[in-house]
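Please open the structure in your viewer and keep the selection tool at hand. The stops below say what to select next and what is there.

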Amino acid sequence: MSRYRLSDEDLKYAAEFKADPLGTPSPGLQRVLNLLRGGPKKGKYVLIVKEPFRRWNLGRMPESRGEPIEIISEVEYTDLAEAEWDVFKRRWKASTGQDLDQELA
Amino acid sequence: MTRILAYTDQISSAPGGSIQVKVSCDGLDQYDARLIRVIQGDVNPSGPGYREEVVDLDLGGPNPARFQPIHAGSYGIAESAPPLDMGKSFSMQALIWPTLPGRGPQTILSYEDPNSSAAFRLYLDAAGALAFQVTESQGDSDSISTGSPLFGQRWYLASGEYDVVSRTLTVIQVPLISTPQAQDRLKDSKVVTIGTAKAGPDGVIMIAAHSGSERPAVGHFNGRIEAPKLFARLLDEHEKVNPDTAKSQDLIAAWDFSVGISTDTIIDVSDNQLNGRLVNLPARGVTGYLWNGDEHCWKNNFDHYAAIHFHDDDLYDCEWETDFEVKLPDSLNSGVYAVHLQSGSEVYYTPFAVRPPRGNRSAPVAFILPTASYMAYANNRIGIDVPETEIVTGRLVQMNPIDLFMQTHPEIGLSFYDVHNDGSGVYYSSRLRPIVQMQPKQIGHLGGVGSNLWQFNADTHILAWLEQLEQPFDVITDEDLEKEGSQVLDGYRAVITGTHPEYYSVGMLDSLQSYLNAGGRLMYLGGNGFYWRVSFHPTLPGVIECRKSEDGIRVYPPPPGEFYASFTGEYTGLWRRNGRAPNELVGIGMVSQGFDCSSPFILTEASRDARVSFIFDGVEGPVVGDYGLSGGGAAGLELDATNHAWGTPPNTLVLATSKRHSDLYLMTPEDMDDPAPGLGGTEAEIIRAEMVFFETPKGGAVFSTGSIAWCGSLSHINYSNDVARITGNVLKRFLDPTPFPVM
């Protein structure tokens, strides 16, 4: 679990991620990702495979074994980079309250 | 949906043999079955394309579908107990170390009359307090609880008794280490109003569960139980508070779990000799209440290992009925096969190996199907239980249909990458259950950007490569190596491993070493091989034990005092901690893992050595493998490198190495004696894959790639690439009987 907290200094890393969500991150971006991708299992965003290598839904993990994984069927992706950026934005907003679409406009 | 599940009784059989197929269908009427040969299991549209070959063999059908349940949860059972006489006073007692008190009612000991409702039960109630219940023949029951929950991971002497004279139920929980203010030492009694009854013979005594109406056992206990006893009398005051002081008179049964630790039998040391059996393999060879750190091996002090750790999610053998049998034709070639089951859009594959007939070889090459490693990873919950998987893979975790199924069906059992519901480590893994990840077409979590394959399906990259070479090959499984020794490899000109043969028993290792000592040639086409020591059970089929002692990359450490396997008494852990580092066998050993992107190899100066000119015939270099389905490079996922201190032979040539990995690649804990900054793949020199070659005595040789990702690059540009060329060159020379020069 990361103790790092996001600030406006990290917006440049958000821009780096937006430019290449599947690329190799800089050390600064890696620190941001360690925070955003960390956290407990409950509520963690995942991708639900609808069609291998082609289509995914957003999903969220339950806390315990035996409970179903939540499938957010209204959120669908056909591109993994798009999915990574969308989840990045959701987590950034949950962590800071900032809307990255506006901050990086 | 995953509505068809299946498994087979064997993982390997020869032509002329037979395989029993056990199937369960959920909500389906019927299914069709056919036998297929597995060629290429990768369904990545960027890959070479999925391939299977249907075998012309009538398996009958369509078969009627039926549901066969999985009853997870371990317990002990002894049948034919003396008649339950509720006209006499009666007591139960056991030492317990609960791990999940408060998580539902959990039975410690039950004594039941199968012909009526008469029963006694000592248990933890829903709140986690010790309770005692009596039920008369007609079903009326009464119970008493101390009302105070026990603390987890602490030893208690638990007693319950029924005084027939005063009609009093008494329950006593005594902590063996008293703690001020803890208020967990309690006794309570009550007069009950139910009548007495005398039940017939054939009583059933269960330990860590009681019988259920819809399944054989319910109320599973989580934690350790030691020295359970039943008395046809009341306990005296001294017996109630002091362990091991109970007198032997009027014993109905007293099991000593320190006897027969390597078995699934429990021994009753009372005159009644009510020996019983364990169901679903609870953990044995675990420390009991007497353990004090003086002795760490159960074989040297049985008294300190007189406990059994039961879990409500233990699973050994589903014990499903056989649906049909596949008679393997005498003409069937050795290979990797699967029974393909289908009902509409529902499909399930249950794979197995067809090995050559015993004592024969049908090809010059043997591929060792790493079935012990498949069992180690069987139904692993790395993607669904471990929240760090996203960080270590560097991308969102993708949930495939089997992941959704495993999340809601944890009864399918655990792997060596999981912990039990109570947080304790998994010591045993079995193949006598559906292994949903061991199927062609399945996508994993740790296989890197690209196809993301792991274990069985990743190994089909090797099968497909051999296929396109039109190279005849035999398939030998880990179990064949274990059971039959080095003779199963005798005479093969070359032996090929899988991509990740991580788990090896001493028998398997001896077999492979003997093959090399006799002049064999080994192609180790993977990474992190020969890492953990595992033990096959001496008599129970289809199950292995692994305790990850000392260090190594692991989900859990076994607790102190539990570094020896219960199956065999072997010291466990890394092979390098057992004096047989993989470097001795294949020149290299595990140094790092990371699961995002793989890297290319860069040829070294040594690659131009005349000794290895055959390997690089037609290869330009210096960059090799900057492509692939397993992370986009040939060097990745788990990496091995040389280390002469761990036994890399002095004649080893390092032919190529990877130069840079992401910081998601980290050093292994066993190499991290004194942590310091710069341990990631962008900085630490140790984080690299090394491709090596060395000659062995008697004209043999070893070629090792040092990377799980290597075989994901084989199919690039229709197998016309440097990775396939190098691998093919090695195979071609290894098939040439001309001895390698002995230096």
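## A stop inside chain B

Begin by selecting B:Arg224, which, leaving aside residues up to four places away in sequence, touches B:Leu95, B:Ile96, B:Trp97, B:Trp155, B:Val286, B:Thr287, B:Ala307, B:Ile308, B:His309, B:Pro559 and B:Glu562, where contact means heavy atoms within 4.5 Å. Before going further, note that this is a predicted model, in which local features need pLDDT of at least 70 and side-chain atom pairs count only at pLDDT 80 or more, while totals for chains, interfaces and linings use all residues. Residues are numbered from 1 along each chain as its sequence is written, chains are lettered from A and ligands numbered from 1 in the order in which they are written, and side-chain values use heavy atoms, with hydrogens and water left out.

B:Arg224 lies in strand 17 (residues 223-231) of chain B; helices (H or I, at least four residues) and strands (E, at least two) are DSSP runs, numbered from the N terminus. Is B:Arg224 buried or exposed? B:Arg224 counts as buried because its relative accessibility is 5%, and buried means under 20% relative accessible area, exposed over 50% and partly exposed in between (1.4 Å probe, protein chains only).

Now show the side chains of B:His309 and B:Glu562. The side chain of B:Arg224 makes a polar contact of 2.9 Å with that of B:His309 and another of 2.7 Å with that of B:Glu562. A polar contact is a pair of N or O atoms within 3.5 Å; within protein, one must be able to donate a hydrogen and the other to accept it, and residues adjacent in sequence count only if both atoms are side-chain atoms.

## Where chain B touches chain A

Next, colour the two chains separately and turn to their contact, which takes 31 residues from chain B and 32 residues from chain A. On the chain B side, select B:Leu396, B:Met399 and B:Gln407, which lose the most area to chain A, together 24% of what that side buries; buried area is the accessible area (1.4 Å probe) that two parts lose on being put together, summed over both.

Then select B:Asp385 and A:Lys41, whose side chains meet in a salt bridge (3.3 Å, N to O), that is, a side-chain nitrogen of Lys or Arg within 4 Å of a carboxyl oxygen of Asp or Glu. The count between chain B and chain A is six salt bridges.

Finish with strand 1 (residues 45-51) of chain A, which pairs with strand 27 of chain B in the parallel sense over two bridges; two strands pair if DSSP finds at least two bridges between them. Here A:Leu47 has B:Gln398, in strand 27 of chain B, as its bridge partner.
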